[in-house]
Amino acid sequence: MTEYELYTLPNGIRIAHKQITHSKVVHCGFILDIGSRDEKPAQHGIAHFWEHMAFKGTKKRKAFHIINRLDSVGGELNAYTTKEKICFYASVLDRHFDNAFELLTDITFDSVFPEKQIERERNVILEEMSMYYDSPEDAIQDDFDEVVFGKHPLGMNILGTSESIRRFHREDFKNFVQENLDTGKLVFSCVGNLPMKKVIRLAEKYLKDIPAQHSNRKRKSFNKYVPKQVKVERTLTQAQCAIGRDAYPVQHHDSLTFFMLTNLLGGPSMNTRLNMALREKHGLVYAVDAEYQSYTDTGMFSIYFGTEPRQLEKATAYVMKELKRLREVPLGSMQLHRTKEQLMGQLAMNSENNQSLMLAMARSILDDYEMEPLERLYEKIGATDAKKIQAVAREMLQEKDLSVLSFVPKAG
């Protein structure tokens, strides 16, 4: 299912394509190995700001023309920024693929960062920051990054700060792009009912004149995790809590086992251990989630929930009880079977999302790991026994190694 074709242009840009014959829609995009962790202290928030500014004007288009280019034919144009990636992508009917490819090339490589648009978008981002701050269940996730990663770039909020956002100007964007853009570290990824030869023909048409560019940037590795207990008073009625720690990097040999463990603990299903304990059995929360995010050199494990302030201590204790149970009691044969079946079902459903497949193909290329077909993943999941899961739980879920961040109502 996940096999794809790969072609490299003379300038180093790689083209990844998987032909899906049953779909009329093409998903495509440029994924760049640049993220918020690549910012210098004075550039805090500029990667995400660049994502916004890419749509605000190029050498041959104004913002209005960028927005309407694909919208007018029923397509979608979007972008996102993470700690390690920036992505500009589109979804269109296959007959409009040429237009999408050309537009994505334009906004990725030829943005001009008009000063008037910078001023306007600055206010948009400040509003975005206010929106997140006013949503404590979102804000705690951003703040927990800093609890786990401290002053390391991974601990910095992707949005930046109000002070940093207010000081950026056109030259700052140009300098950031110049410092970080590397044609050997970006991928144009595509999934749709198109032959590879057509994708290559358009790649050569639109990308051949882009000069090879190399960056000397070196990412600062993270290796100094220290558990912390932090309580913050805020104007709110419901307490929020985040529990977690640093975790395995993307290529770690136990990353799949830990993903299985996290899914069992607090994945998207209603029968997770945390949901059954905190919501179904004790009625302490509306929602509780566990997540495992892997990066190239580290990762992050986190649990999030909200509860009445008077129930915060009790809910936290139940979380710790479930973690202890995973450390001390191996899964029974029926629980292990259900855990495997549940994860395999989720992976199968995710594999049918062609947009997610397009993005995953690019990430695997940029992070230099093999994107394994479902059958091989199923084999690895099937070969994982209760003893292995318990060993990973004992390594990763020790209470003394966990950080806790709580948002509680201001006194009085």
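Visitor: What radius of gyration does the chain have, and what would a compact globule have?

Guide: The radius of gyration is taken over C-alpha atoms, and the globule rule is 2.2 Å times the number of residues to the power 0.38. For 412 residues the rule gives a value near 22 Å, and the chain has 23 Å, which agrees with a compact globule. Along its principal axes, the C-alpha trace spans about 60 × 55 × 40 Å.

Visitor: On what basis are such values given?

Guide: This is a predicted model, in which local features need pLDDT of at least 70 and side-chain atom pairs count only at pLDDT 80 or more, while totals for chains, interfaces and linings use all residues. Residues are numbered from 1 along each chain as its sequence is written, and side-chain values use heavy atoms, with hydrogens and water left out.

Visitor: How many helices and strands does the chain have?

Guide: Helices (H or I, at least four residues) and strands (E, at least two) are DSSP runs, numbered from the N terminus. The chain has 15 helices and eleven strands.

Visitor: What share of the residues is buried?

Guide: A residue is buried under 20% relative accessible area, exposed over 50%, and partly exposed in between, with a 1.4 Å probe and protein chains only. Of the 412 residues in the chain, 56% are buried. The accessible surface, computed by the Shrake-Rupley method with a 1.4 Å probe, comes to about 19700 Å² for the chain, and 50% of this belongs to carbon and sulfur atoms.

Visitor: How should I read contacts along the sequence?

Guide: A contact means heavy atoms within 4.5 Å. Among contacts in the chain with a separation of 6 or more, 82% join residues 24 or more positions apart.

Visitor: Which residues does L207 touch, leaving out those up to four places away in sequence?

Guide: L207 is found in helix 8, residues 196-207, and it counts as buried because its relative accessibility is 0%. It touches L9, N11, I13, I15, F30, F101, T105 and F109.

Visitor: Where does R61 lie, and is it buried or exposed?

Guide: R61 lies in the loop between helix 1 (46-53) and helix 2 (63-71). With a relative accessible area of 12%, R61 is buried. Beyond its neighbours within four places in sequence, R61 is in contact with I66, R69, E102, L103 and D106. The C-alpha atoms of R61 and S111, which are 50 residues apart along the chain, are separated by 9.1 Å.

Visitor: I see two threonines, T257 and T316. Where is each placed?

Guide: T257 is in helix 9, residues 255-266, and is buried with a relative accessible area of 6%. Leaving aside neighbours within four places in sequence, T257 is in contact with T384, K388, I389 and V392. T316 is in helix 11, residues 312-328, and counts as buried at 16% relative accessibility. Not counting residues up to four places away in sequence, T316 touches C241, I243 and F305. By contrast, T316 and K198 are 118 residues apart in sequence and 55 Å apart in space, C-alpha to C-alpha.

Visitor: How many disulfides are counted?

Guide: A disulfide is a pair of cysteine sulfur atoms within 2.5 Å. By this rule the count is zero. As a case, the closest cysteine sulfur to that of C87 is in C28, 9.7 Å away, which is too far for a bond. C87 itself is buried, at 0% relative accessibility.
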